[in-house]
Structures are given as C-alpha cells and as structure tokens.
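Subject: A structure for you to look at

Hello,

Here is the structure I promised to pass on. Please open it and keep it beside this email while you read.

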Amino acid sequence: MKKLKPMKPGQKAKILIPADFKMIADTIRKNWDDRLNEILPLIDMMETLTSIDERFPDGYTGRQLVTDFLAYSKAWKGRIAQAVKEKLIELLDTQDLNNQ
C-alpha cells in the first residue's frame, strides 16, 4: 500500500472525481447553479453514458458530448469545477477497451 505524504500547511486536498458519468453529472448539478439550465440537456445525456465512446441513437457520441460540455463550461470556476473538467479531459484521453 502506498504511503501518503503529509500535506503542507495551507495545502488543500485534491478533489477526487470518479470515472462514472452518472456521478459526474450529479456533481455538476449540485455544484453549478449559474448556467445549469442552458446545458441541462448535455448533463441529462451525460448521466446515461456508460462509456466515452458510446453512441446515442442520433449518432452523437460520448466524446462529442464531453467536448461540448467542456466548451460550454468555461465560465464554471472553482475547485470542484476544475476537478470535474480534469476528469472529463482524462476520460477523453482514454480509449474504450471494449471497442478496440
């Protein structure tokens, strides 16, 4: 088991965001009030994703959805916003092992 390093004074713990789209969508809903109504359709779709490479019936992909969300969320600021965006970018950078 990896030993954790003690935090330095004033250092904040990193916010861990799971690689689960339903949980990510819930986190967005709970932490972003500002423009939530404008992007609610994207969040609703994100909640149903099981894979970044999943395709919706209209051909729209999980990758397109995440890319669109990131483009619309530039005004969303703060530690949680940054952690969510970093997780989504990380998911974009991965390949779906089930579709290889």
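One term comes up below: two residues are in contact when they have heavy atoms within 4.5 Å of each other. Note also that this is a predicted model.

**Overall**

The chain has 4 helices and 0 strands. Read from the N terminus, its elements run α-α-α-α. The chain holds 100 residues, and 33% of them count as buried.

**Helix H2**

Start with H2, which covers residues 36-48. That is 13 residues. The helix reaches 17 Å from its first C-alpha to its last, close to the 18 Å expected. H2 also has a kink of about 35°, centred on Leu42.

Which residues of H2 are buried? They are Leu36, Ile39, Leu42, Ile43 and Met46. Look at the numbering, and keep one rule in mind. An α-helix has 3.6 residues a turn, so residues three or four places apart point the same way.

**Helices H3 and H4**

H3 and H4 pack at an angle of about 150°, with their axes 10 Å apart. Angles over 145 degrees count as roughly antiparallel. H3 and H4 are therefore roughly antiparallel to each other. H3 passes H4 in a left-handed crossing.

From H3, the residues that meet H4 are Arg63, Val66, Thr67, Phe69 and Leu70. On the H4 side they meet Lys85, Leu88, Ile89, Leu91 and Leu92.

Ser73 lies in the loop between H3 and H4. Is Ser73 buried or exposed? Its relative accessible area is 0%, so Ser73 is buried. Leaving out residues up to four places away in sequence, Ser73 touches Trp32 and Lys85. Lys85 is also one of the H4 residues in the meeting of H3 and H4.

Thr94 sits in the segment after H4. Its relative accessibility is 35%, so Thr94 counts as partly exposed. With residues up to four places away in sequence left out, Thr94 touches Ile52 and Arg63. Thr94 and Ile52 are 42 residues apart along the chain. Their C-alpha atoms are separated by 8.3 Å. Arg63 is also among the H3 residues that meet H4.

Best wishes

Notes
Residues numbered from 1 in each chain as written. Predicted model: local features only at pLDDT ≥ 70, side-chain atom pairs only at ≥ 80, totals over all residues. Heavy atoms only, no water. Helix = DSSP H or I, 4+ residues; strand = E, 2+ residues; numbered from the N terminus. Expected span 1.5 Å × (residues − 1). Bend = angle between axes of the 7 residues up to and from the residue. Buried < 20%, exposed > 50% of the residue type's maximum accessible area, 1.4 Å probe, protein only. Axes fitted to C-alpha atoms, helices over the stretch in contact; angles between N-to-C directions. Parallel < 35°, antiparallel > 145°, perpendicular 65-115°, else oblique. Left-handed = near helix turned anticlockwise from the far one by under 90°.
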